[in-house]
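Reader: Please take a close look at the way segments pack against one another in this chain. I would like the contacts, the angles and the cut-offs behind each term.

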Amino acid sequence: MPIDAPFLQKVDLKNLTRDDLTAFVVDHGLPAFRAKQIFSWLYRPGISSFAEMTDLSKDMRESLAKEATFSRLIPAVKELSSDGTIKYGFRLQDGKMIESVLIPEEDRNTLCISSQVGCAMACVFCLTGTMGFSRNLTCAEIVGQVCAVSEDLRENNLGSVNNLVFMGMGEPLANFDNLIKALTILLDELGLHFSERRITVSTCGLAPKIIELGQRLKVNLAVSLHAADNETRNRLMPINLRYPLEILLEACREFSLPRRKRITFEYVLLKGVNDSDQDAVKLARLLHGIPAKINLLPCNEAPELPFAKPNRLIIDSFQDILKKKGYTVLIRSSRGADISAACGQLAAKSSAR
Ligand code: SAH
């Protein structure tokens, strides 16, 4: 009996940066310039097959289709919040679900994307943290969220995605290689063509990777700080045991050095835990000398979480203290809470679905 040829998985071209694709194309006996053509087709809205790549010969399209594929994410769930926020649920090839959240603002559309299924960081105030870690997203799955939402907006005449934040499920810096590849495609003028100023990577504080990110690319950084002393931060965020505040802030200093760009520090206000005036004073001291912008996030409550949002007076007082010390401080209103799309609320539901 003949032995079947081993099943060869086709290469998903959306996992390749333009340089990777050039190597792939040359490897397959085609001239390098073909990579440029193919790459730009991959990120054009609505393109779903090689047959549509009309500047390639029929032979070329057919042989590409034998060896390669390019994945597309199709929203399995789409929920609209009363405040205009849209939550997209995507079912991945292995059946796992991830979520992305579109936040329409006056002057722009911000898309919040996921980098992992679940999260291993186990921050005690975050629902994604309570679901545990399942797997890293591939580069194609990260970029695919942006492609899918952009297409949906286009179809509904809702404009385009102008701003990207890696603040969905997962810890982006724990999926570093795929993150860098995805960012490279997002920034590529023939890819999604985002400007570096319009992409923000948010981290719970993987200090060495912060430095590495700063060396590789010039995107914006947000750091989820949430406490101004190690004792409190250790209790809230296990990552602090590995990279305590001194090390984290040293990495932030190094990150911001070459460009003097401001880093965004996220601070979730948890009633009675980290919301006192003394905490605000400590925070001001801690960030001294770092070009910083502070976002205060009043805790999004959930029945599973033992934390509450402080009252307005406490939140205002916390903000005032920081402002008086010269910081730019915004209180981030929570968007999409009615559809569980707000910060820290992603994915617990989809995993149970
Ligand atoms: N892992 C990355 C990316 C996730 S961003 C990071 O930690 O930065 C999601 C943001 O929502 C983080 O700042 C996170 O700390 C915050 N968050 C998590 N749970 C929250 C909650 N219950 N209320 C408000 N913000 C929360």
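**Helix pairs and buried residues**

Author: Ala207, Ile210, Ile211, Leu213, Gly214 and Gln215 of α7 meet Ile247, Leu248, Ala251, Glu254 and Phe255 of α10; contact means heavy atoms within 4.5 Å. By class, the contact of α7 with α10 has 8 nonpolar, 2 polar and 1 charged residues. Here Ala, Val, Leu, Ile, Met, Phe, Trp, Tyr, Cys and Pro count as nonpolar, Asp, Glu, Lys and Arg as charged, and the others, Gly among them, as polar.

The model is predicted, with pLDDT of at least 70 needed for local features and 80 or more for side-chain atom pairs, while totals for chains, interfaces and linings use all residues. Residues are numbered from 1 along each chain as its sequence is written, and side-chain values use heavy atoms, leaving out hydrogens and water.

Helix α7 spans residues 207-216 and helix α10 residues 245-256; their axes come within 8 Å and cross at roughly 5°. Axes are lines fitted to C-alpha atoms, for helices over the stretch in contact, and angles run from 0 to 180 degrees between N-to-C directions. Helices α7 and α10 are therefore roughly parallel to each other. Angles under 35 degrees count as roughly parallel, over 145 as roughly antiparallel, 65 to 115 as roughly perpendicular, and the rest as oblique. Helices (H or I, at least four residues) and strands (E, at least two) are DSSP runs, numbered from the N terminus.

Another pair is α5 (residues 139-155) with α6 (residues 176-187), which pack at an angle of about 40° with axes 8 Å apart. That angle makes α5 oblique to α6. On the α5 side are Cys139, Ile142, Val143 and Val146, which meet Asn178, Leu179, Lys181, Ala182, Ile185 and Leu186 of α6. The residues of this contact divide into 8 nonpolar, 1 polar and 1 charged.

Asn175 sits in the loop between β9 (163-166) and α6. With a relative accessible area of 4%, Asn175 is buried; buried means under 20% relative accessible area, exposed over 50%, and partly exposed in between (1.4 Å probe, protein chains only). Beyond its neighbours within four places in sequence, Asn175 is in contact with Ser115, Gln116, Asn136, Leu137 and Ile142. A polar atom of the Asn175 side chain lies 3.0 Å from the backbone oxygen of Ser115.

Asn240 belongs to helix α9 (residues 239-242) and counts as buried at 1% relative accessibility. Its side chain makes a polar contact of 3.0 Å with that of Asn230 and one of 2.9 Å with that of Arg233. A polar contact is a pair of N or O atoms within 3.5 Å; within protein, one must be able to donate a hydrogen and the other to accept it, and residues adjacent in sequence count only if both atoms are side-chain atoms. Not counting residues up to four places away in sequence, Asn240 touches Asn230, Arg233, Asn234 and Leu245.
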